[in-house]
Every structure is written in structure tokens, then in C-alpha cells.
Amino acid sequence: MTEIQIPADLLPKDGRFGAGPSKIAPGALDALAATGTSLMGTSHRQAAVKNTVGRVREGLGSFFDLPEGYEVVFGNGGATAFWDIATFGLIREKSQHLSFGEFSSKFAAAAKAAPWIADPSVIKSEPGTRPVAVAEEGIDLYGWAHNETSTAVMAPVIRPAGAADDALVAIDATSGAGGLPVDLNQVDVYYFAPQKCFASDGGTWFAIMSPRALARVEEIKASGRFIPAFFDLGTCVEQSRLNQTYNTPSVATFFLMAEQLDWMNANGGLNGMVERTTASSNALYGWAERTAYTTPYVANADERSLVIGTIDFNDDIDAALVAKTLRANGIVDTEPYRKLGRNQLRIAMYPAIDPSDIELLTKSIDFVVDAL
């Protein structure tokens, strides 16, 4: 099996298709190395690092064309930490959550575990589908994932009709931000980690916050609720305005993200990136639909993600063996999400991935299946 050699003309130029950490452009790594001793290993309270953090804030502001009063806030810990941060600093009393996969269920679990707020309302649907948020009395925060990384289902970002005027909409956009369309006027907290579309590394969270969300942070902090220092969203807001984090940041993460944002903004901003992910997803799903041995896992075409694709294989073909053969040929990280337990491949289609490489990937898969 590992002796199968895919012809060079069928191989993608870059064989990295992981759902995260994602492909980082070699040029960005070269640029990081070229900073020498001027950035890495210096104080994060001094100009070199603060200017790098400022590049990211300004880059995100331009990329998303922030509405009036919206701010870019960030802190350490990644999106997993942000779920707990939200239970301390964003949910006033009760939240509603959409649960349609491994990651969308985790914010609901964090809210349920927090004893200082009420048990959340949870609307579930089976993996491979998506539920819909519905306005509910007593809910002061509605939360769901823009893109369920485990199953490759994307959900629209639309404020629930009839939601209370002061209710927040908080969207986990970790694998969607930067590659899926979004109207930020529909959302109050659009949060994500940078190791997906933004081609950086993990361990940091970013949140684009509306004036309504910023006011909620101040309200809860003034209420006297106990908030551990690491989870204090108010402190994060204050520090972000100074282009710094409360705790020591990963400087390389900010630098790589700044480089990616420069490239994204120079190539059409959000609209340009959505064009790329749309081209990639059309290539992947089109191949899967016309190929006899594959089927897109997400049945409803409108729910299929533009940035992650899950493709089921017929039972007589071992997708794990296909992935192993691809890996032996330098095409890596096409394995499915482990907990989903399906005979499938999961393919990232982030903006950094060239749509032509998706087309070559499908040809490589065809070659491997024929050879096996």
C-alpha cells in the first residue's frame, strides 16, 4: 500500500489539507525567521511586539470592515478558553445554544457546568445537519458555531427574529472566520482562534465585539460577580485597546497572523477569500457527486461548508487506507474527525489552500483508489 506512487503531475503543489492547525505559507515562516532578534525574545510590553499586535488589530478591522463601534478583542487560551470566559463575562443569566457536532456542543456544556448561571436551553440536531435558533423568553445570549469543524456543516449568522433587544448573539467562528461570508451587524461576538483560515497557530482567541457586547462586559463586571483574572473579559478589552494581552502572548502567533492578514487584504479581503473557498468547495463537492464511490456527508447542499469538506466513501473502499497512502505520498491530514467514526476523508479548504490543489487532490484520490 505504501509503495503506491502517485504520478508527480497529479500531486498538489502543497499537500497540507489539515482542518487545524492548518497550512502556513512558507513565506510567512521565512518572514518570521528574518526578524532575527528584533521581535522574538523581547518584552511584550515594548514597541516591537505591540506594533505586531497592532498589525493584527488593524488587519482584522480592514478585513471585516468593522461596523461603527465594533472592536477587536483578544486574549490567551484559544476558543476553548473563550467558552468559559463567556460564562463569566457575557451570559447574564441564561443562554441558548445550537448543538450539531463535537465543537458546537462544548459551549453549551460550559454553560451548563457554570453554577452561577441557569442551565442553558439547547437545541440539537443530528451530526451532518444543523438546527435553527429560535427566540426564547429569558435568553440573554444565543450561541452557535458558524462552522462545525467535526462534520463540515456551516450555519448562517442571523440574529433570531424576536430576540430581546439586549440579547447577545455569540458565534464560534474558529474554523469559519476568514473563509465564510458574514454580516457582523447580525452578531455581537464573533470569536475564533487563528490556526484555521488565518494560517497561524493556536493558543490565542480573537473576538469582534459589538457595542452591545462591550456594554454587557461592563455590566457584569460592575455587578460584583466573581471573575478569575485569567477569565476577566473586561481586562482583555482594556489590554487589547493598548495592543497587548494581559498575560504574555505567543508573539510568533501574532506575527504569522499579521502576515496572513496582509496577504488576505491584498487579495480582495473577505470577499476575495470567500471566492477562493467557494472555488475549492465546488471542486471538492462536484467531484464527490459525480464519482461512483463517494458522497458528500452533508446531504443538504446549502449546509455544506466552504472551508471543510467531509466526503463519505462506499463500504468496499477503506478511506483510512486511502488517507494512509496519500500521507505516504506527501498529502497529509485528510483523515476524518476521529469521534465521528465514519468511512470518510475530511478536507480543509481554507483561503491559503489553492483551489487548483483541491482539484489535484481529487485526481490523486482517484489514482489511489484505482491502484488499491
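Author: Start with angles: axes are lines fitted to C-alpha atoms, for helices over the stretch in contact, and angles run from 0 to 180 degrees between N-to-C directions. The model is predicted. In it, helix 8 (residues 269-290) packs against helix 10 (residues 355-371) at about 15°, the axes being 8 Å apart.

Reader: Why are helix 8 and helix 10 called roughly parallel?

Author: Angles under 35 degrees count as roughly parallel. The angle here is about 15°, and therefore helix 8 and helix 10 are roughly parallel to each other. The crossing of helix 8 past helix 10 is right-handed.

Reader: What makes the contact of helix 8 with helix 10, and of which classes are the residues?

Author: Contact requires heavy atoms within 4.5 Å. From helix 8 come Arg 276, Ala 279, Ser 280, Ala 283, Leu 284 and Trp 287, and from helix 10 Pro 355, Ile 358, Glu 359, Thr 362, Ile 365 and Asp 366. By class, this contact has seven nonpolar, two polar and three charged residues.

Reader: What makes strand 1 and strand 3 edge strands?

Author: They belong to an open sheet of seven strands, in the order 1-9-8-7-4-2-3 and with mixed pairing. Strand 1 (71-76) and strand 3 (121-124) each have a single partner strand, so one side of each has no neighbour in the sheet. On average, neighbouring strands of this sheet are turned by 20° against each other, direction ignored.

Reader: How do you know that strand 4 and strand 7 pair?

Author: Two strands pair if DSSP finds at least two bridges between them. Strand 4 (residues 141-145) and strand 7 (residues 168-172) have five bridges, in the parallel sense. One of the links joins Ala 145 to its bridge partner Asp 172 in strand 7.

Reader: Which helices lie across strand 1, strand 8 and strand 9?

Author: Helix 2 (residues 47-64) does, at about 135° to strand 1. Helix 7 (residues 251-266) also lies across these strands, running at about 50° to strand 9.

Reader: What makes strand 10 and strand 12 edge strands?

Author: Three strands form an open, antiparallel sheet in the order 10-11-12. Strand 10 (294-296) and strand 12 (344-348) each pair on one side only. Neighbouring strands in this sheet are turned by 30° against each other on average, direction ignored. Strand 11 (residues 308-313) pairs with strand 12 over five bridges, in the antiparallel sense. Asp 312 has Gln 344 of strand 12 as its bridge partner.

Reader: Which helices pack on this sheet?

Author: Helix 8 lies across strand 10, strand 11 and strand 12, at about 10° to strand 11. Helix 9 (residues 319-328) touches strand 11 and strand 12, and its direction makes about 45° with that of strand 12.

Terms used
Residues numbered from 1 in each chain as written. Predicted model: local features only at pLDDT ≥ 70, side-chain atom pairs only at ≥ 80, totals over all residues. Heavy atoms only, no water. Helix = DSSP H or I, 4+ residues; strand = E, 2+ residues; numbered from the N terminus. Parallel < 35°, antiparallel > 145°, perpendicular 65-115°, else oblique. Left-handed = near helix turned anticlockwise from the far one by under 90°. Nonpolar A, V, L, I, M, F, W, Y, C, P; charged D, E, K, R; others polar.
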